Amino acid sequence: PSGKAGISIDASTRGSFTLRNLMVRKNGFGIVVKNSRNGAVILERNLIAENIYDGIAGNTIGSPEIRMVNNTIARNGQSGYADGAAGGSRIFKNNIIAQNGWYGVFPHEGSGRFMSYNDVWGNTRGNYFHSAGTSSQVAVFTPSPGIGELSLDPQFVDATSSDYHLKSTSPAIDAGDPDPFLPRDPDGSRLDMGAYPYVRPAVTPP
């Protein structure tokens, strides 16, 4: 429904939260994180798509960490990720952030951010912008450290029908963080970007 969040996390009285393997679609906001004073909010392998406003909205107080890993954040009406409060850190790794109506990543200029191995592409107003607290004061930022960042069509199977799996030709396949100490994809290959790892068809022996 308009104005409502699919998931709202108020971490003012608790420590860390983890949301994993969820589908958050067709709400007002997708996921709202607020009042995170301590610990970390971890968002991992979630599809956050087709919400009216921002896919992920961070309204944070104190020095929290919002860690976003292997999510697909696509086709939301406003930004893929946005926050209006400085402080804390935002970690973006192995995400696909694509085709959102405003910006791909739109943090406050005072929010710490660590970005690597993401595909940020096709967002209407731009991919990497930060604000000084008002929508009229915006500027491009360069993702840091920026290792492995892509801006290429992720080639969803059929986004118009809400199928955000990857085609076999997707540049996001085997493009995630190659750290050997991280888990592998189900087929044993290097991590893909996004919520849905591409599974190669089984080869039938001759």
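Reply: Happy to! Let's start with a charge over a ring: Arg113 lies over the face of Phe141, 4.4 Å from the ring centre. Such a placement counts when NZ of Lys or CZ of Arg is within 6 Å of the ring centre and within 35 degrees of the ring normal. Arg125 is placed over the face of Trp102, at 4.3 Å from the ring centre.

A word on the basis: this is a predicted model, where local features need pLDDT of at least 70, side-chain atom pairs count only at pLDDT 80 or more, and totals for chains, interfaces and linings use all residues. Residues are numbered from 1 along each chain as its sequence is written, and side-chain values use heavy atoms, leaving out hydrogens and water.

Now the ring pairs. The whole structure holds six aromatic pairs (centres of Phe, Tyr or six-membered Trp rings within 6.5 Å; planes under 30 degrees apart are stacked, over 60 edge-to-face, the rest tilted). Tyr103 and Phe129 make a tilted pair, 5.0 Å centre to centre with 35° between the planes. Tyr103 belongs to strand β13 (residues 103-106) and Phe129 to strand β16 (residues 126-131), so their pair ties together parts 26 residues apart in sequence (strands are DSSP runs of E, at least two residues, numbered from the N terminus). Tyr103 is buried at 7% relative accessible area, and Phe129 is buried at 16% (buried means under 20%, with a 1.4 Å probe and protein chains only). Ring pairs also bring in Phe106, linking Tyr103, Phe106 and Phe129 into a cluster.

Notes. Helix = DSSP H or I, 4+ residues; strand = E, 2+ residues; numbered from the N terminus. Buried < 20%, exposed > 50% of the residue type's maximum accessible area, 1.4 Å probe, protein only.
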